[in-house]
Amino acid sequence: MMSRKVLNLRLGYLARRWASTDPLNIQNEKLQAYLESLRQEYYAVRVNAAGNSKSYARLAQLEGVVSALEQRRVLERQITSAKDMEAEKDEDMRELMREENEVYVDLLGKQDQALLQELLTLSDDEMYPALIFGLNAGAGGQEAMLFAQELYEMYTGFFEHMGWEWEEFASEITDIGGLRHASLMVSGEDAFRWLRHEAGVHRVQRVPATEKSGRMHTSTASITVIPRPADIHVHIAEKDLKIETKRASGAGGQHVNTTDSAVRIVHLPTGLAVEAQSERSQLKNRELAMKRLRSRLVQQQLESAEASKMATKKAQQGSLNRNEKIRTYNFVQDRITDHRIQGGTMHNLDGFLKGGDQLCGLIEKLQLEHRKERLKELLDTWEPPKEAIKEN
Amino acid sequence: MLRQLTRSMGLTSRLLRQVNYGTNAPAGTHIPVTKALEIGQWEEKLKAAGVEDTKFNVKCIVSHVLKRKFNLVPDSYDQLQLNPGQLADFERFLEARCARMPLQHIIGEWDFMDLTLKTSPSVFIPRPETEEFVRLVIENYKNAKHVDLLEVGCGSGAMSLSMLHSLPQVEATAIERSKAATVLAAENAKMLGLLNRFEVHNHTMEEDKYMPEVLKDKKYDLIISNPPYVKTEEFQFLHPEVVVYENLNALDGGSDGLRVARLVFDLACRHLRPGGKLWLELGNEHPPLVKTIMNLKYEGRLKFVASYNDQYQRERFVQIEKV
């Protein structure tokens, strides 16, 4: 039993040595130096932070990594070195030390995971309060539109699953229940970080409901994710609005009992018209229509404003290769394959298309992959600051 | 025509009471909503019965039968299925709607501003314009520190409860002549968790006995009311939903539509604090008339402040101040 423990320790050591060539292993020297530089930055910013909101934002970003790093160092110090072990004469005492070390090594491994997690989150630094989610049927005619509708349901289900607020401000539906395109606004602090990985071309392979001869078809639908910067504002003046309801004339009030709750608002300066009828209360529908009008105006502004070009460019970089096929939904084999990651194949299409845990899990994997890439790039280009070298 | 409608009301209320879950049908047979609509030709039947906006009516009933929130029911029903029990309900409700029973009575609840309120067959159903009226009052009081509110004739409680829901600084008292409405308003308040700031008294306003005995010395900052304002001569023009199914006491405003409003004026003289306001929702020819009445009969007691249009651009709402 003893020898197995020793073997374990030795193997662990070997594993660690091997891992130190992996740039994302905590043992890696460059990563260690990078972490130390973050820690120093944290304290430097903290000293000079007083009243500067940018500094506070940076502090909040760094806090997780720094505290995880410091906890790790405390743990490291708890481990009794091999030299001290040898110096100890008492056999019982040595056994105790060994046991203790095992516990600490275990804890240290966990702490490394936590630290890496924090570091990865830090590397994903783009924050947008909201985004515009576009869904377009691609090649494949009616079948592509049916697929787009299924994706629409999957993603709206996913938004609900994640607790994000969303609203639709444009969509075009075909008579057999397909979807030509839809634009949704999704608000949620981390919505962009998740959904950016969904941008691209989604491909479906199946025998369509519209197909009589039973041939398998391949169709596509594409998704775009455009972050909405926080600093876009629109002002809507009451006098610019024409508000219409179903009942244009005739008696009102107690004389009739109509349930006319649908509302249509026309924004006179731009000619934009929006409708809302999803609520039973007319006032609620009016509020909803106003919200829609607002987001339509925002979208207009986004599309024209210089700021949006920047944002879109950034988004494209973030979500890499917008026009590349990113995922295949194969109904015949009941399989989903994401082409961007290793082991990206899953089964149970029905469950996946609900937009719940399964989709969530896949995006989590993509997110991790993306963050690792980002961190690697960052470390590749990162140079230790001069002072740090001097200290060494 | 009226008699025929009254008869059909009798019939439909019997239909509504009858619980038939179609036990003869084989268990587990589901039928798509679209098919049920097609077989029954319900849209055509509703149109023939003179129901406007049939799609909306159908959607309300679908949402009620399937016990789904209205705004979560998709616009196309292909994916929705009815089991035999639900199908029986579905047809019963549509039958009732064809007999012009108000939609709000059929489904037993209705949304008013942010609230969902229970409805009851003998209690007046708040109208969309009343939402606009309440929004206007709330807008005027959102910065007030503390407001003692009185509502005259609260019906289901829609106005008071919306005020309480939106403004935490409001405490509301209501009087209501109908026992059923008094009970319903209290029930709605309880359901919405607003009972700690809301009390309702069953009381019929009369000359020199405007308020119930316990409230006879109470003063308020704000009185709101949507009193009956339909002129007696207009009763022949009312929609069947209104004249057959709704409590006419909640509508009858006498020969000029202001019989009850006049009582409210007198009540306001006695129970408003100086500077307190009376807000009323009335018919569209009433505000100028109210202005004249204020100037002629209430000088030194009440002052006409302003009138406002509803969303259909009809002059409907008035604000009056206690001098």
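**Figure 1. Nonpolar cores of the predicted model.** In this predicted model, the largest nonpolar core comprises 58 residues. The residues with the most contacts inside this core are B:Leu149, B:Met163, B:Ile223 and B:Ala268. Leaving aside residues up to four places away in sequence, B:Ile223 touches B:Leu150, B:Val152, B:Ala268, B:Leu272 and B:Leu278. A second, separate core contains 38 residues, including A:Phe133, A:Leu195, A:Ile223 and A:Val225.

**Figure 2. Helix α5 of chain B, residues 84–98.** With 11 of its 15 residues buried, α5(B) is largely enclosed by the rest of the structure. The buried positions are B:Gln86, B:Leu87, B:Asp89, B:Phe90, B:Glu91, B:Arg92, B:Phe93, B:Leu94, B:Glu95, B:Ala96 and B:Arg97. Just after α5(B), B:Arg100 adopts a positive phi of about 65°.

**Figure 3. An open sheet of 3 strands in chain A.** The strand order is β6-β7-β8, and the pairing is antiparallel. Strands β6 (241–245) and β8 (272–276) of chain A stand at the edges; because each has a single partner strand, one side of each is left without a neighbour in the sheet. From one strand to the next, the twist averages 20°. Strand β6(A) is joined by 5 bridges to β7 of chain A (residues 263–267), and these two strands run antiparallel. Within this part of the sheet, A:Thr245 stands opposite A:Val263 in β7(A).

**Figure 4. The contact between chains A and B.** Chain B gives 36 residues to the contact and chain A gives 22 residues. On the side of chain B that touches chain A, the elements giving two or more residues are α4 (54–65), β3 (109–112), α7 (128–141) and α10 (240–245) of chain B. Helix α7(B) supplies the largest share of that side, 5 residues. By residue class, the side of chain B that touches chain A divides into 16 nonpolar, 5 polar and 15 charged residues.

**Figure 5. Chain A as the setting for the sheet.** The secondary structure of chain A amounts to 12 helices and 11 strands. Of the 392 residues in chain A, 29% are buried. Among contacts in chain A between residues at least 6 apart in sequence, 63% join residues at least 24 apart.

Notes:
Residues are numbered from 1 along each chain as its sequence is written. Chains are lettered from A and ligands numbered from 1 in the order in which they are written. This is a predicted model: local features need pLDDT of at least 70, side-chain atom pairs count only at pLDDT 80 or more; totals for chains, interfaces and linings use all residues. Two strands pair if DSSP finds at least two bridges between them. Helices (H or I, at least four residues) and strands (E, at least two) are DSSP runs, numbered from the N terminus. Axes are lines fitted to C-alpha atoms, for helices over the stretch in contact, and angles run from 0 to 180 degrees between N-to-C directions. A residue is buried if 20 or more other C-beta atoms lie within 10 Å of its own, exposed if 12 or fewer, and partly exposed in between; C-beta atoms are placed from the backbone. Two residues are in contact if their C-beta atoms, placed from the backbone, lie within 7 Å. A nonpolar core is a set of buried Ala, Val, Leu, Ile, Met, Phe, Trp, Tyr and Cys residues joined through C-beta atoms within 7 Å. Ala, Val, Leu, Ile, Met, Phe, Trp, Tyr, Cys and Pro count as nonpolar, Asp, Glu, Lys and Arg as charged, and the others, Gly among them, as polar. The expected span of a helix is 1.5 Å times one less than its number of residues.
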